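Please read the following note alongside the sequence and the model.

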Amino acid sequence: MNTSIALEDKRALKWPEIYSLGALNAAVVISWIAYHEYQPVLVEKFNFQGLVQFMIASKAIILVVIPPLAGWLADQILKKNGKYFTVFTVGISATAMIFMIVASLIGAGPLESVRAVLPVMIVLWLIAMNLFVSPANSMIEAFAPAQKLPIVVGFLFLVTELIYALEPVIVALVRFFGDTITFVVGGILISVTGYIFHRVSSNEVMQRKKELVEQPAVKTSAMGYLAIVMVGLQLGIGKAFLVEFFPHRMDEKFVEFAAYSDYVALGLLALAAILAFAVSKKVAKAKADQVITYATLGLIPGVLLIIMGSSIALYILGGIITAVAFSVLNVSGLPFAIKNLSIRHITYGVGVFIGASELFTGLFDYFLH
């Protein structure tokens with residue numbers, strides 16, 4: 001269990017740091033939307049049809065494996081020399097640099113030499129994008145007292161999912177700018193928001209991190225990691241059914257409504273985001289394990305209705321129930337993970353949680369497309 005909880009009760013929320021993390025997460029979401037928009041374009045332009053499944057599989061594996069690996073590296077570096085942001089800085093710098101390289105390759109056109117390099121750069125970009133996720137998001141433990149972490153997560157979830165819900169607007173902008181400019185802007189967004197987050201994370205917060213790490217070592221138990229993985233998987237099931245399965249199934253089963261499937265799915269994400277922020281204060285006052293249990297019990301009928309719903313009304317009802325459960329799992333899941341981690345293993349543990357939450361989305365993405 002996190003040994004820092006007793007020390008945190010009187011600390012206030014550090015909103016400048018939280019806002020800067022929200023901006024960084026927003027830049028990540030925008031970058032992902034741009035990537036998904038232009039992946040089919042790049043496939044056609046550079047004749048990568050034979051690599052589509054490889055790229056989807058690579059993305060799925062990277063999303064699961066890299067966050068815990070990056071978290072482990074960050075914890076090791078912090079323990080050895082007290083520097084927390086090394087892995088984060090490498091990830092941000094590499095992502096921005098690869099964005100610019102890809103923009104140049106795209107601008108050069110479908111030359112054979114460019115064609116050979118581009119898939120490698122895309123895989124490296126996927127790795128770099130996930131290097132800084134767990135180090136950045138594990139910092140919320142230093143931005144808020146333990147009992148207020150659901151409020152922070154609710155705010156971050158509101159920001160990221162609302163941007164996902166605005167995907168049609170972002171896609172329109174991406175198409176307006178074109179592929180080369182889009183990748184340049186993506187690199188700038190990641191580098192600028194990463195720099196701001198690094199600077200705004202005050203010396204006071206970093207000093208507190210150092211003090212916590214200097215506490216007597218307490219190992220995170222195997223049962224603690226198992227609980228974190230299970231909650232991450234439950235969160236991932238909700239995300240996979242909303243983001244991947246729901247629109248795909250709607251296109252196939254309710255053909256007359258197929259034109260609206262993406263918009264309905266985005267609407268459900270917006271509902272989940274707003275609800276998560278609205279209930280975050282109540283969740284903060286409740287016991288995390290109880291909240292997770294109730295959310296999981298709600299997730300089951302929602303998923304079953306999505307799978308077996310015989311009418312469009314039942315199908316959308318299943319989506320709404322799943323969105324509600326997904327929002328509550330989001331608000332409570334990461335605080336639950338942090339609560340069950342030793343302070344020396346927080347970044348690694350958060351990476352394990354993030355990786356587990358991406359497993360089902362990756363599987364659905366691979367087998368449904």
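**Note on helix packing, salt bridges and selected residues**

1. Helices H2 and H3 pack at an angle of about 160°, and their axes are 11 Å apart; helices here (H or I, at least four residues) are DSSP runs, numbered from the N terminus. The axes are lines fitted to C-alpha atoms, for helices over the stretch in contact, with angles that run from 0 to 180 degrees between N-to-C directions. H2 and H3 are therefore roughly antiparallel to each other, in a scheme where angles under 35 degrees count as roughly parallel, over 145 as roughly antiparallel, 65 to 115 as roughly perpendicular and the rest as oblique. The crossing in which H2 passes H3 is right-handed, a crossing being called left-handed if the near helix is turned anticlockwise from the far one by less than a right angle, and right-handed if clockwise.

2. This is a predicted model, in which local features need pLDDT of at least 70 and side-chain atom pairs count only at pLDDT 80 or more, while totals for chains, interfaces and linings use all residues. Residues are numbered from 1 along each chain as its sequence is written, and side-chain values use heavy atoms, with hydrogens and water left out.

3. Which residues bring H2 and H3 together? On the H2 side they are Trp32, Tyr35, His36, Gln39 and Val43, and these meet Val52, Met55, Ile56, Lys59 and Leu63 in H3, where contact means heavy atoms within 4.5 Å. Sorted by class, the contact of H2 with H3 has seven nonpolar, two polar and one charged residues; Ala, Val, Leu, Ile, Met, Phe, Trp, Tyr, Cys and Pro count as nonpolar, Asp, Glu, Lys and Arg as charged, and the others, Gly among them, as polar.

4. The loop between H2 and H3 holds Asn47, a residue that has a positive phi of about 55° although it is not a glycine. With 48% relative accessibility, Asn47 counts as partly exposed (buried means under 20% relative accessible area, exposed over 50%, partly exposed in between, with a 1.4 Å probe and protein chains only).

5. Among the residues that make the contact are Phe241, Phe245 and Phe246 of H12, and Ile292, Leu299 and Val303 of H14. By class, the contact of H12 with H14 has eleven nonpolar, three polar and two charged residues.

6. How many salt bridges does a search of the whole structure find? The search finds three, a salt bridge being a side-chain nitrogen of Lys or Arg within 4 Å of a carboxyl oxygen of Asp or Glu. One of them joins Arg175 to Glu37, with the closest N and O atoms 2.8 Å apart. That pair links distant parts of the chain, since Arg175 is in helix H9 (residues 167-177) and Glu37 in helix H2 (residues 15-45), 138 residues apart. Arg175 counts as exposed at 58% relative accessibility, whereas Glu37, at 17%, counts as buried.

7. Another salt bridge is formed by Asp365 and Lys59, whose closest N and O atoms are 3.9 Å apart. Asp365 lies in helix H16 (residues 346-368) and Lys59 in helix H3 (residues 52-81), so the pair ties together parts that are 306 residues apart in sequence. Both Asp365 and Lys59 are buried.

8. Glu358 forms a salt bridge with Lys239, the closest N and O atoms being 2.9 Å apart. Here the linked parts of the chain are again distant, with Glu358 in helix H16 and Lys239 in helix H12 (residues 222-253), 119 residues apart. Glu358 counts as buried at 13% relative accessibility, while Lys239 is partly exposed, with a relative accessible area of 24%.

9. Ile190, in helix H10 (residues 179-200), is buried with a relative accessible area of 0%.

Conventions: Helix = DSSP H or I, 4+ residues; strand = E, 2+ residues; numbered from the N terminus.
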